[in-house]
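Please view the sequence and the structure first.

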Amino acid sequence: MQQPLISDQDRAQLKRTFRKDLTGDVNLRLFTQKPSPVTIPGRECPHCPQTQQLMEELLALSPKLHLETIDFYRQPQAARDCGIARIPAILLGNNGGSRVKFYGIPSGYELSTIVEGIKTISRGVSPLSTATRKKLRQVNHAVHIQVFVTPSCSFCPGQALLAHAFALDCPQITADVIEIQGFPALVQTYEVRAVPLTVINEYSRFTGAVTEEQLLEKVLQAGVRNAQGDNDGTD
């Protein structure tokens with residue numbers, strides 16, 4: 001028998017939270033790798049089984065949660081359509097489509113990133129200020145936010161949730177939260193030395209948690225273009 005990943009105490013608390021806070025249904029998609037007796041080099045996914053178990057335990061806590069499990073290698077077109085480049089990957093719907101992603105297993109502090117995202121989507125109410133939401137309407141160029149996190153970082157969920165909120169509010173923004181323990185190659189590529197590390201459109205990067213206003217400024221710099229194609233990030 002599998003050992004539960006969510007403790008009895010946390011399970012009871014989450015069940016109460018979902019019962020109180022969820023109003024609409026929430027669709028989740030898990031891109032993973034189905035178990036196979038043969039290990040194919042280059043296709044190892046040590047965190048896939050645990051991530052699936054965790055998501056299924058979460059799913060059991062509310063009838064408003066729905067999970068679709070997709071095999072990354074057997075359904076490659078589905079992965080491409082959603083912009084999934086690695087596994088395990090969790091997509092949070094509903095209107096966010098494929099813009100709100102979590103790569104890796106959302107354990108430790110990062111479980112709250114998934115839980116709070118579920119609550120936001122279910123309520124259909126943005127956690128962002130009215131001023132921020134108004135300014136995000138200026139974004140007319142694709143913005144890709146990546147937030148690198150670890151399960152033991154207490155500051156990471158706030159930054160992850162902020163990035164996801166921006167993506168949920170603006171169709172031009174995609175936000176990926178990446179749990180670095182499962183992706184050492186990315187850690188090397190992006191030279192991740194401390195978390196949370198936020199990278200916007202590959203060229204703007206900063207370490208540590210920032211305020212909503214600070215992230216908005218960076219997003220506008222990357223995502224607002226005038227008619228000549230130049231950035232116009234603060235008006």
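Asp 71 has a relative accessibility of 3%, so it counts as buried; buried means under 20% relative accessible area, exposed over 50%, and partly exposed in between, using a 1.4 Å probe and protein chains only. Asp 71 forms a salt bridge with Arg 74, with the closest N and O atoms 4.0 Å apart. A salt bridge here is a side-chain nitrogen of Lys or Arg within 4 Å of a carboxyl oxygen of Asp or Glu. Arg 74 is exposed, at 60% relative accessibility.

The model is a predicted one, in which local features need pLDDT of at least 70 and side-chain atom pairs count only at pLDDT 80 or more, while totals for chains, interfaces and linings use all residues. Residues are numbered from 1 along each chain as its sequence is written, and side-chain values use heavy atoms, with hydrogens and water left out.

## Other salt bridges

Side chains of opposite charge can pair when their charged atoms come close. The count of salt bridges comes to eight. One of them joins Arg 133 and Asp 169, at 3.0 Å from N to O. This pair links distant parts of the chain, 36 residues apart: Arg 133 is in helix α5 (residues 130-136) and Asp 169 is in helix α6. Helices are DSSP runs of H or I with at least four residues, numbered from the N terminus. Arg 133 is partly exposed at 37% relative accessibility, and Asp 169 is partly exposed at 22%.

Glu 191 and Arg 193 also meet in a salt bridge, at 4.0 Å from N to O. Glu 191 is partly exposed, at 47%, whereas Arg 193 is exposed, at 73%. A network of salt bridges links Lys 20, Asp 21, Glu 116, Lys 119 and Arg 123.

## The nonpolar cores

A nonpolar core is a set of buried Ala, Val, Leu, Ile, Met, Phe, Trp, Tyr and Cys residues joined through side-chain atoms within 4.5 Å. The largest one has 49 residues, and those with the most contacts inside it include Leu 58, Ile 118, Ile 145 and Val 219. Helix α6 (residues 156-169) gives the largest share of this core, seven residues. Apart from this core lies another, of 21 residues, among them Ala 79, Ile 87, Tyr 103 and Leu 197.

What is Ile 145 in contact with, leaving aside its neighbours within four places in sequence? Its contacts (heavy atoms within 4.5 Å) include Ala 163, Phe 166, Ile 173, Asp 176, Val 199 and Val 219.

How values were computed. Helix = DSSP H or I, 4+ residues; strand = E, 2+ residues; numbered from the N terminus.
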